[in-house]
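Here are my notes on this one, jotted down as numbered points. Have the model open while you read.

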Amino acid sequence: MTHSPSSSSSSSTISSPPPSLSSSPSLIEETQTLTLIPGLPNDVGALILSFITYSHHGRLKSICRSWRLFLSSRALISLRHTHRNLSHLLCIFPQDPSVSSPYLFDPQNLAWCPLPPMPCNPNLYGLCNFTSIAVGPYLYVLGGSLFDTRSFPLDRPSPSSAAFRFDFYTWSWDRLAPMLSPRGSFACAAVPKSGQIIVAGGGSRHTLFAAAGSRISSVERYDIERDEWVSLDGLPSFRAGCVGFFVKDREESEFWVMGGYGESRTISGVFPVDEYYRDAVVMGLKNENGGGKWREVGDMWGTGERTRLGKIVVVEDEDHGRPGVYMLDGTDILRYDMASNRWWEESRVPKEVGRSSSFSFVVLDGELHVITLKKAGESPDCRRSRQHKKTGRLYIQIYNPKRKTWRSLITKSPFSNSLDFNTVVMCNIRL
């Protein structure tokens, strides 16, 4: 196992494409009448430009009108998907996306790009525990827990059924059909190659409260093309705070829901304490239009090994369609073995990340990213602006499961406030 030195902390900004250009219906026709690269057919020029890293597009748009039009068109993203030349980006939601803009981060170029804030409702505030998932060139924000000024008591959070989608073609947010059951802290995954999303479980718990909140067992499937939610067979029991992913098994796909909490008990009859699940439940999907029955998977660890599931990431298609499921437990990275229904040690984070530290665990381009905040130094050589001292830098340790190697990088944080990785929502997207 090797740990390479940290790379330069300098970062750049990805410019946002002009909405007026990307939403123009005659954009492709205009592009075809302009020369992209002198001396080359436009189809060849378009192919060349499509291979340029996504984070450089903002600067290239200022070169000429034809490039600005093409780099803001649907044709660009279609070419990148066709030739599998996609940039693996991380979308970071620091807090309520209707108040604080989410950002795209390109680790390869240490470049950041702010996205427009999500549409807001003046009666709703404090959205958290929502789920973000990318399907193609679209970014979905589903559910969550929030406060409603119209409800009583005012300090009691409510689950949300709202669904939004960010369209990278038009660079704008769209409001979608709401879920049938409001929920936050739920399992969610996109059905492979079907244009559908499945959500399961969840509840109303808010990050301001360590316990309490409702739990549900309902399961729904969202049809992207129809903008429609359909109810499926519910979970065997109430479950919130869980994680979901798909496993391809020959001709049948399985939707796994792992971990989370269900019932609660009280200490001294006053303090609520969650009862965490040590098992998983699985639903078989025999076709694209319906869900199957649920089956239960036994406990994944014995008594005394741990009290709850750590932070989970899933590496898709790691083993002939079967994903690699990894858990960060303190400084240990564990891998789930489906055959034995046990977690086995995979590696250890080189630079310790304590249980009390705020950190995030995400997967990007098949690699595991452990992200934490590194405060700016106070020495004369490391002095920064007051804002930079407050926000610090992002320290990212990256593990490659195939090569069994580590590397790291440091980048400046573009956020105005320090990140709390216990509440930050992240997802990966390929553009």
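A word on burial first: I call a residue buried under 20% relative accessible area, exposed over 50%, and partly exposed in between (1.4 Å probe, protein chains only). Keep in mind that this is a predicted model, where local features need pLDDT of at least 70, side-chain atom pairs count only at pLDDT 80 or more, and totals for chains, interfaces and linings use all residues. Residues are numbered from 1 along each chain as its sequence is written, and side-chain values use heavy atoms, with hydrogens and water left out.

1. Salt bridges. A salt bridge here is a side-chain nitrogen of Lys or Arg within 4 Å of a carboxyl oxygen of Asp or Glu. How many salt bridges turn up in a search of the whole structure? The count is twelve. The next points go through some of them.

2. Arg 183 and Glu 220. These two make a salt bridge with their closest N and O atoms 2.7 Å apart. The pair links distant parts of the chain, 37 residues apart: Arg 183 is in the loop between β11 (172-175) and β12, and Glu 220 is in strand β14 (residues 219-223). Strands (E, at least two residues) and helices (H or I, at least four) are DSSP runs, numbered from the N terminus. Both Arg 183 and Glu 220 are buried.

3. Glu 254 and Arg 295. Here the closest N and O atoms of the salt bridge are 3.1 Å apart. Glu 254 belongs to strand β17 (residues 252-258) and Arg 295 to strand β21 (residues 294-297), so the pair again links distant parts of the chain, 41 residues apart. Asp 332 and Arg 348. This salt bridge has an N to O distance of 2.9 Å. Asp 332 lies in strand β24 (residues 332-337) and Arg 348 in strand β25 (residues 342-348), so the bridge ties together parts that are 16 residues apart in sequence. Asp 332 is partly exposed, with a relative accessible area of 21%, and Arg 348 is partly exposed too, at 43%. Salt bridges with shared partners also join Arg 205, Arg 215 and Asp 274 into one network.

4. Two strands pair if DSSP finds at least two bridges between them. Strand β23 (residues 322-329) runs antiparallel to β24, and four bridges join them; Tyr 326 has Arg 335 in β24 as its bridge partner. β23 and β24 form a hairpin with two residues between them, and Gly 330 in the turn has a positive phi of about 70°. β24 and β25 also run antiparallel, joined by six bridges, with Asp 337 partnered by Arg 342 in β25. That hairpin has four residues between its strands, and Asn 341 in the turn has a positive phi of about 55°.

5. Positive phi elsewhere. Asn 129, in the loop between β5 (124-128) and β6 (131-135), has a positive phi near 55°. Asp 365 is not a glycine either, and its phi is positive at about 55°; look for Asp 365 in the loop between β26 (359-364) and β27 (367-374).

6. A three-stranded sheet. Which strands make up the open sheet of three, and in what order? The order is β5-β8-β9, with antiparallel pairing. β5 and β9 (158-159) stand at the edges with a single partner strand each, so one side of each is left without a neighbour in the sheet. Two bridges join strand β8 (residues 145-148) to β9, and Ser 145 has Pro 159 in β9 as its bridge partner.

7. A positive patch. Arg 84, Lys 193, Lys 248 and Arg 430 form a positive surface patch. Patches are made of residues with over 30% relative accessible area and no salt bridge; like charges are joined within 9 Å, and nonpolar side chains (Val, Leu, Ile, Met, Phe, Trp, Tyr) within 5 Å. The place of a charge is taken as NZ of Lys, CZ of Arg, CG of Asp or CD of Glu. Lys 193 sits in the loop between β12 (187-191) and β13 (196-200) and is exposed, with a relative accessible area of 86%.

8. Gln 108. This residue is in the loop between β3 (103-106) and β4 (111-114). Gln 108 is exposed, at 63% relative accessible area. The C-alpha atoms of Gln 108 and Thr 53 are separated by 9.2 Å, with the two residues 55 apart along the chain.

Technical notes: Areas by Shrake-Rupley, 256 points an atom, 1.4 Å probe, with all protein chains shown as cover. Lys, Arg positive; Asp, Glu negative; His and termini not counted.
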